[in-house]
Amino acid sequence: MSSSYDGPWTARKVREEFFNYFRSKNHTFVPSSSTVPYDDPTLLFANAGMNQYKSIFLGTVDPNSERGKLKRAFNSQKCIRAGGKHNDLEDVGKDSYHHTFFEMLGNWSFGDYFKKEAIEFSWDLLTNVYGLPKDRLYVTYYAGDPQNGIPTDEEAKQHWLSQGISPDHVIASKGNFWEMGATGPCGPCSEIHFDRIGGRNAAHLVDGDDPNVLEIWNNVFIQFNRDDDGSLKPLPNKHVDTGMGFERLVSVLQNKLSNYDTDVFSPIFTRIQELTKARPYSGKFGNDDVDGIDTAYRVVADHVRTLSFALSDGGVPNNVGRGYVLRRILRRGSRYVRKKLGAPIGSFFSSLMPVVVETMGDVFPELTKKQGDIKEILDEEEESFSRTLDRGEKLFDQYATRTKDQGAKELNGADIWRLYDTYGFPVDLTRLMAEELGLGINEKEFEDAQEHSKLASKGSFKKDKTDLVKLDVHDLAALEKNDAIPKTDDSYKFQLGNITATVKGIYYRKEFISSSSGVPADANFGVLLDRTSFYAEAGGQEYDTGNIVIDGTTDFEVSNVQAYNGYVLHTGSLKYGQLSIGDEVISSYDELRRWPLRSNHTATHILNFCLREVLGDHIDQRGSLVAPTKLRFDFSHKAQISLPELAKIESMSIDWIKKNVKVYAKDLDLTTAHNIPGLRAVFGEAYPDPVRVVVLGYDVDEVAKDIDNPKWRSTSVEFCGGTHVVKTGDIKNFVITEESGIAKGIRRIVAVTGQEAHEASRVANSLKVRLEQLELTEGREKDTGLKALSVELGQADISVLLKAELKDRLATVRKALDKQIKEKENAINKAAVNALVTFFEEKPDSEVYFAILEVDGNAKILQNVVMQGKKLGKTVYVFSVDAEGGKVAHANYVSESARSRGLDARTWASKVSEILGGKAGGKEDGAQGVGVNVAQVEEALKVARETFSSKYN
């Protein structure tokens, strides 16, 4: 079934012909938007081709931008439907057509062609280019909604009939109306369906969920705008938005009944078989797939596509939002690999991913560009899950057996939460495992356990801040005398993975106790092991977190790790179960936290070396912090580091990462090690003997054999007990985000690596694009935008170099705009004042001047006009509307002559405010105010005139 397709319509050719066709129709190719919609927090992932054109449909696009100039466009949009409203994750593998990742071929018209041309293009491409039989195609059009005053889309119907389609293949559908949201652009749509069987009239099967009569293309005609009151109004510019499922189209053209039987998936299936040695894919579903292997093929092939594209677009698996969806997808796929395909996990998906790059990297070059990053993230995540998968499955089997023995149909919800919380099993994965055994999950018990855990975490967080368990001098003295509690062997912190250990001490409220049974629920206490894989906070590197576990019985969540004279104390609280002296446990640090700590620690060594190379040998470390999200390095230097120097330091650091040299570490005799040329050590630090030496690019044994060789000066050599990457390329990237002075003669640099560096670069690039767009705007829009961008730029954690560059550029734009605003304001001010002067020159006998001035509510200009009237001894009342701000500024002056007739400026302004709203105030001879009823300005002017006239009649 997975043999490669050798017919005329390969997947690559299907896509190419779509592209060629719309190029020939004068459409512009617009690359697919990212699957990760950073600028739209309402979306987990891009799930439709129209997302990147929202601003055009909504009419908010900058008309001077490239996007604003688009008239016709086409592309193949990368889409992910997993999590949130559009979620196909749990259906993948079960049928022939569900995918979490798919391509959407699309063409668009923005105020250019409409229904006639869109329908002609669709029919022409499908029948004349792709050669689909006309008698197997069916189309739908909107049947209308009389109750809401929406007519039948007769126009679309007639255009389809004019293509020569049989009338009984043109079908009215009440569901053919598309809306972006509760309000906004919307319109009827027209779907094209294909009958895989043929030789029959399948009109009654259209829209009937028959897998053999499937929708392949949808043309959306955006012609209305739905207002807040629900009414529809025709749009001035009508648009076309179409989407055709690429995988479905390929299956139709290759005459396959399943998307998975096409050459979109066959290369991936071939590689899966090579990696797993499983039987070949045979295309079976449901009960026919007795061993579940075909389902596993489909799941794994789908998931590797989704992960490859999401990660290439900057997605990262984690515990929140879209990150957790990606983690669920990887863990779901890993379980199928391990359980159904019988292959080990740890680096499986990164071994499968290259086939996705090979088959799709030419169309989506980001796959090729980011292949190294994708591999690293996949390996990191998969290796982490591999350490708990077997243990978790063993527990699940125990839970399932117990449930069946009890004659129950639902697994205990608290047990399912435990599988998630301790072993990282996504709930949907556990639900799938339960379904395989004909079992359900007690959802109420699961939700209760989840809520209890959340409340406990909140309490634990508060305790961590105020109630850190510590060993004092008296405790340490007692430990030294207690042979039953040895000093902790923590050498395993430099290795990967879990280890088994034995509980040697339990410390609670200044006492060593034999069991945790007397410790209150959720209380913090300390645990001492004979050996540990956890890193205790030291040398600027933050502590590890993780779990000390007895599978199925106990989970102690480690929230802090500190070392006291050789005793490593693991502080935390019990999620469930108890601990006693002598218990054999699994020491399991959080690898996903440790990973960036390693990168940031090695990057700190690189930074230290580069600082010395650029600034000189006087550089001495004065402090450091190695955290998962950043590194901070304090050092001696008298002056602020210039931007060119910072650029050189950052560039040199990146060069070290690109060299991808191995990082070596080994203990050496302290006296001998002190003689290594170029050694960096913290001034005043007391180092152990022997001391651990970390060297970039050279084996420590090689250094030890030739200790005085000056070439060691050319690399980083440091005394360090921290954890490090295997090779510098693992760091991926390096960005300096801050340089500052913290004391006299002490400077500080903050930098980020890996994913944080990628995110800093992405944010910087988005700010740069924003500035470029603002440069094309004018007036108030530009002024408001520059002010907002200035604040955002000041707060952004981005490259200090890029920030300086953007600030300079923004200052230049700001200066030019301020000059333009001032010149414009002066010209408007002059014209407004001159208009008053001219008025009285032409009508010297007139006592008063009224005007609505086009000065955007500029109160300063109004006052200048009023002052000119005062100089001439004339009465004045002027108004100006600030349409964007929704306000009306108004000001008056009452001449001595008018005051003698009883006209008071304050009363006059008050009368106007009754119409305009807002407030007004001033003195007898002059008042000003700001109203809010913009539409009433003419009425306010009328009242001002009448009030004045009443004093002269």
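Guide: What follows is a set of questions about labels, with the values behind the answers.

Visitor: Before the labels, what sort of model is this, and how is the protein built overall?

Guide: It's a predicted model. The secondary structure comes to 26 helices and 31 strands. Along the principal axes, the C-alpha atoms fill a box of roughly 110 × 85 × 60 Å. Of the 953 residues, 53% are buried. Take the contacts with a separation of 6 or more: 70% of them are between residues 24 or more positions apart.

Visitor: How do you know that Cys 79 is in no disulfide?

Guide: A disulfide needs two cysteine sulfur atoms within 2.5 Å. For Cys 79 the nearest cysteine sulfur belongs to Cys 189, and that one is 16 Å away. The structure as a whole holds zero disulfides.

Visitor: And what rules out a bond for Cys 720?

Guide: Distance again: its closest cysteine sulfur is in Cys 610, 16 Å off, which is too far for a bond.

Visitor: What makes Cys 79 and Cys 720 count as buried?

Guide: The label asks for under 20% relative accessible area. Cys 79 has 0% and Cys 720 has 10%, so both get it.

Visitor: What does Val 726 touch, leaving aside its neighbours within four places in sequence?

Guide: Val 661, Lys 662 and Val 663. Lys 662 is 64 residues from Val 726 in sequence, yet their C-alpha atoms are 6.0 Å apart.

Visitor: Why are Asp 207 and Asn 565 called partly exposed?

Guide: That label covers the range between the 20% and 50% cut-offs. Asp 207 has a relative accessible area of 46%, and Asn 565 has 49%, so both fall in that range.

Visitor: What stands out about the backbone at Asp 207 and Asn 565?

Guide: Each has a positive phi in a residue other than glycine: near 65° at Asp 207 and near 50° at Asn 565. Asp 207 is in the loop between strand E7 (184–195) and strand E8 (213–226). Asn 565 is in the loop between strand E16 (554–564) and strand E17 (567–576).

Visitor: Where is there a cis peptide bond?

Guide: Between Asp 689 and Pro 690, with omega about 5°. Pro 690 is in the loop between strand E22 (679–680) and strand E23 (691–696).

Visitor: How do you know that the length of helix H7 agrees with its residue count?

Guide: At 1.5 Å a residue, its 20 residues should span 28 Å, and the end C-alpha atoms are 28 Å apart, so the two agree. Helix H8 (residues 321–339) passes too: its 19 residues should span 27 Å, and its ends are 27 Å apart.

Visitor: What makes you say H7 is largely enclosed?

Guide: The count: 20 of its 20 residues are buried, so the rest of the structure largely encloses H7. H8 is mostly covered, with 15 of 19 residues buried. After H7 comes Gly 314, whose phi is positive, near 95°.

Visitor: How do H7 and H8 pack against each other?

Guide: Their axes are 9 Å apart, at an angle of about 145°, and the crossing is left-handed. The H7 side of the contact includes Val 299, His 303 and Leu 307, while the H8 side includes Ile 329, Arg 332 and Tyr 336.

Visitor: Which residues have the most contacts inside the largest nonpolar core?

Guide: Leu 126, Tyr 130 and Ile 216, in a core of 110 residues. H7 (residues 293–312) supplies its largest share, eleven residues. There's also a second, separate core of 30 residues, including Phe 609, Leu 615, Val 694 and Leu 696.

Visitor: What is Tyr 130 in contact with, leaving aside its neighbours within four places in sequence?

Guide: Among its contacts are Trp 9, Phe 18, Met 244 and Leu 253. Glu 17 is one of them too.

Conventions:
Residues numbered from 1 in each chain as written. Predicted model: local features only at pLDDT ≥ 70, side-chain atom pairs only at ≥ 80, totals over all residues. Heavy atoms only, no water. Buried < 20%, exposed > 50% of the residue type's maximum accessible area, 1.4 Å probe, protein only. Helix = DSSP H or I, 4+ residues; strand = E, 2+ residues; numbered from the N terminus. Expected span 1.5 Å × (residues − 1). Core = buried A, V, L, I, M, F, W, Y, C linked by side-chain atoms within 4.5 Å. Contact = heavy atoms within 4.5 Å. Axes fitted to C-alpha atoms, helices over the stretch in contact; angles between N-to-C directions. Left-handed = near helix turned anticlockwise from the far one by under 90°.
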